[in-house]
Amino acid sequence: MEEVKALEENMEVVKSLEVQVEDLQAEVLRLQHQQQKNQKDMMFDFRGPMQDALSYLLHQEGGTREEVLSRLKEQVEAMEEDLKRQTHMNRIHLSSCSSQMLESGGSRLLQQLSISGHCPELMFQVQFGLSEVKEDQRSERRIRDLNVVMDTSDLHSLSDFLSCVEESGDILLLFRTLRTFSMRCDERQRTFQHFQDKYPSAVRLPAGCGSEVMTLNHPQLPGCVLVLHWSFDVSREGGVTPKMDLLTKIPEKALQLFSPQTVGGATEAFQSLLRILGPEAAIESIIRAVSLSS
């Protein structure tokens, strides 16, 4: 009796599973039909405006369909070449751009735009609203609700500037400053890499050549380290100013052999060299002064 009862229970479970499978199959079939319908609707919606635009161009410019398409292809290729030149000059590479129409009626238009890219190692995402008001033959565009998201280790240098740009909505100032900031970072990276290649036994880059810190280690004075910190101050107006400090790291026992003025004077001397010689020559002078070049 128990075996018969267990068999009946198993049969009920099997029937229940079969019903669920049939329901799932019906749902999959319904979704497939819906997907096919959506694809047809998208093709119809896309084909209609494109055909209207092509018909308009044929009427305006004259010529056959093939001639108009050839001219359009040439214009697109010219625009792509211009974009490459602008990207090379501005150092700003856009990876994605999307827009959404929020309001369209009468003389007022409102779009929501999102732009992502990098410059060159500086990742950014910019979102803003673009409003356009038309009056007679004139139109006025304004940027509103600007939001900037950055992915960089130097974000602390840019925080005040980004807050100011988001308040003012000055997107041109944003990209000009990002370009300048990126160029200054490249200069620092090339300088760090140059000295590490030239003095491999003395120069260390604890976080890589893209970081803010370079250390100078004397091979005969273990524990005595000169730390060069190279950062940037970015003003609210977009000015990018390098800031370099030379710090000393000397064990307490070694400090007893030097006067405080001698240790503290290294920082002041380096600042004087910076003003007179510039970054690379000042760093080179420090390396030679502490006999690291040998």
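Modeller: Ser116 sits in strand 2 (residues 108-118); strands (E, at least two residues) and helices (H or I, at least four) are DSSP runs, numbered from the N terminus. This is a predicted model, in which local features need pLDDT of at least 70 and side-chain atom pairs count only at pLDDT 80 or more, while totals for chains, interfaces and linings use all residues. Residues are numbered from 1 along each chain as its sequence is written, and side-chain values use heavy atoms, with hydrogens and water left out.

With a relative accessible area of 15%, Ser116 is buried (buried is under 20%, exposed over 50%, partly exposed in between, with a 1.4 Å probe and protein chains only). Leaving aside neighbours within four places in sequence, Ser116 is in contact with His93, Leu94, Ser95, Ser96, Phe124 and Gln125, contact meaning heavy atoms within 4.5 Å.

Strand 1 and strand 2 are joined in the antiparallel sense over 11 bridges, and Met101 stands opposite Gln111 in strand 2.

The rings of Phe124 and Phe175 have centres 5.7 Å apart and planes at 70 degrees, so they form an edge-to-face pair (centres within 6.5 Å, using the six-membered ring of Trp; planes under 30 degrees apart are stacked, over 60 edge-to-face, the rest tilted). Phe124 is in strand 3 (residues 123-135) and Phe175 in helix 4, so the pair ties together parts 51 residues apart in sequence. Both Phe124 and Phe175 are buried.

Further out is the largest nonpolar core, with 46 residues; Val126, Leu174, Met214 and Phe270 have the most contacts inside it. Such a core is a set of buried Ala, Val, Leu, Ile, Met, Phe, Trp, Tyr and Cys residues joined through side-chain atoms within 4.5 Å. Apart from neighbours within four places in sequence, Val126 is in contact with residues including Ser114, Ile115, Leu174 and Phe175.

Terms used. Two strands pair if DSSP finds at least two bridges between them.
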